[in-house]
Amino acid sequence: MSREAPHGAGSSVLPPGSGRDDRGRLTIGGCAVGELLRAVGTPAVLVEEDALRDAARAYVRAFPSPDARPSVYFASKAFPCPAVIRVFAQEGLGCDVASAGELAIALAGGMAPERILMHGNAKTDEELSAALVAGVGLIVVDSLDELDRLDRLVRERQAVLLRVNPAVAAPTHAAMATGHEGSKFGLSPAHLQIAIDRTQRHPLLRLEGLHAHVGSQITELEPFAGAVEALAGLGRFATYDLGGGLGARYTPEQPEPPGVQAYAQRLLDAARRHLPPEARILVEPGRSLVARSAVTVYTVVSVKRAARTFVSVDGGMGDNLEPMLYQTPFAPLVLDAERPLERCDVVGRHCETGDRLVEGAMLASPRVGDALVVPVTGAYCYSTSNNYNGACRPPVLLCSGGRARIVVRRETTADLLARSCDVPVGPEMLAQGVATWQ
């Protein structure tokens, strides 16, 4: 059998600043991973803070802002954590949110309200009210029904964008495509002009421009340019939000996706050709800002060697739904081990046959008690974590300069039971409304 490379099969997709200390131990943000695990246990999500900052700075350089307002908005659904958002706020990014919950998280992370953009295809009265009260900078209107709600709720001047369905089919997983004709997102051509007319006539709503987003985990640049062309014939506006969607590399075998500079050049070149020269260009990166910044570390609980080798870990679909939802591949490695390589299926602890994190992974012959490191878990793993089988969600640690701090504590069984109650639904509740009793 071949030997595992000193840094492991997945080392090329580890956070950019990861390395080995003088004892040969894997480090993230200068912190020895094994030492952190002894302190906090597994599963655990380790985030390299410098990787977040470097990614943010690359975007700010690529999409310079002509004034104090941001041109780059972090798509917070990718990693809705106050500590992560605080880093991006410090680096000059704005933030987009798609719910009242994400709005609260962004505000808790220190993001200034005027640097927040509110998204969503089904915003409720409560969510729109929360955005208006907070004073968010932009609300992206997704439907005529939403304009009806804003008309009832708005009390002060509010800038809005209208989300357009650009009818651009992006080469990505079907569940990640958002700009094709069958998408639930955006205004149809038939409704767009109605929305433009209504918004321009409204005394309090200020139409800033248009928004389009074609999907996520896109590794080709042409679909982004196609969205720009689709917006060009819809009128002249002060602002065009071109969404996000730039993909990430999950395994060493995958080709490197276009870099931020190439992405920016393609978008801005298309904007110069098709959009008004004075127009403001906004983008909303998510995955490409955070994916490679984090690893999730598990403990091997059992190894079954039969027709296949099953390596069972103490996590799974409770903390990483990407393989199950989108067939996202990952490249795990056994922490600080150099042994003969063995082909393994890494499976989770949940009572589902589909709870498979990686099929056919080449691992340094795993043993019970080994730590298993899964790189590129910074995007959508934390945000889709759940309590299936009563699992407690893992902690998040921010690592930098050889020091780590817990920014999300490990969930406990007490947390699982905290919302259990026995409240009769009687006349008083019916009279006062459910919000009073939440």
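Me: Where is P43 found?

Reply: This is a predicted model, in which local features need pLDDT of at least 70 and side-chain atom pairs count only at pLDDT 80 or more, whereas totals for chains, interfaces and linings use all residues. Residues are numbered from 1 along each chain as its sequence is written, and side-chain values use heavy atoms, with hydrogens and water left out. Helices (H or I, at least four residues) and strands (E, at least two) are DSSP runs, numbered from the N terminus. On that basis, P43 is found in the loop between α1 (33–40) and β4 (44–48).

Me: Is the peptide bond from T42 to P43 cis or trans?

Reply: Omega of the bond from T42 to P43 is near -10 degrees.

Me: Is Y380 buried or exposed?

Reply: Y380 lies in the loop between β18 (371–375) and β19 (396–400), and its phi is positive, near 70 degrees, although the residue is not glycine. Buried means under 20% relative accessible area, exposed over 50%, and partly exposed in between (1.4 Å probe, protein chains only). Because its relative accessibility is 14%, Y380 counts as buried.

Me: How does N389 count at 36% relative accessibility?

Reply: N389 is found in the loop between β18 and β19. Its phi is positive, about 60 degrees, although N389 is not a glycine. At 36% relative accessibility, N389 counts as partly exposed.

Me: With which side chain does R287 make a polar contact of 2.7 Å?

Reply: R287 lies in helix α10 (residues 287–290) and, at 4% relative accessibility, counts as buried. A polar contact is a pair of N or O atoms within 3.5 Å; within protein, one must be able to donate a hydrogen and the other to accept it, and residues adjacent in sequence count only if both atoms are side-chain atoms. The polar contact of 2.7 Å joins R287 to the side chain of Y250.

Me: Which element gives the largest share of the lining of the second largest pocket?

Reply: The 24 lining residues include A55, G247, E256, S288 and R292, which lie nearest the centre of the second largest pocket. The elements giving two or more residues to this lining are α2 (49–62) and α10. A pocket is an open set of points on a 1 Å grid over the protein atoms alone, with protein on both sides within 12 Å along at least five of seven lines; lining residues have an atom within 4 Å of a point, and a cavity is a set where a 1.4 Å probe fits but cannot get out. The largest share, five residues, comes from α2.

Me: Which residues line the largest cavity?

Reply: The count comes to one cavity of 30 Å³ or more. The lining of the largest cavity consists of V45, T296, D319, C381, Y382, S385 and P394.

Technical notes
Grid points are joined across faces, edges and corners, and a volume is the space filled by probe spheres set on the points.
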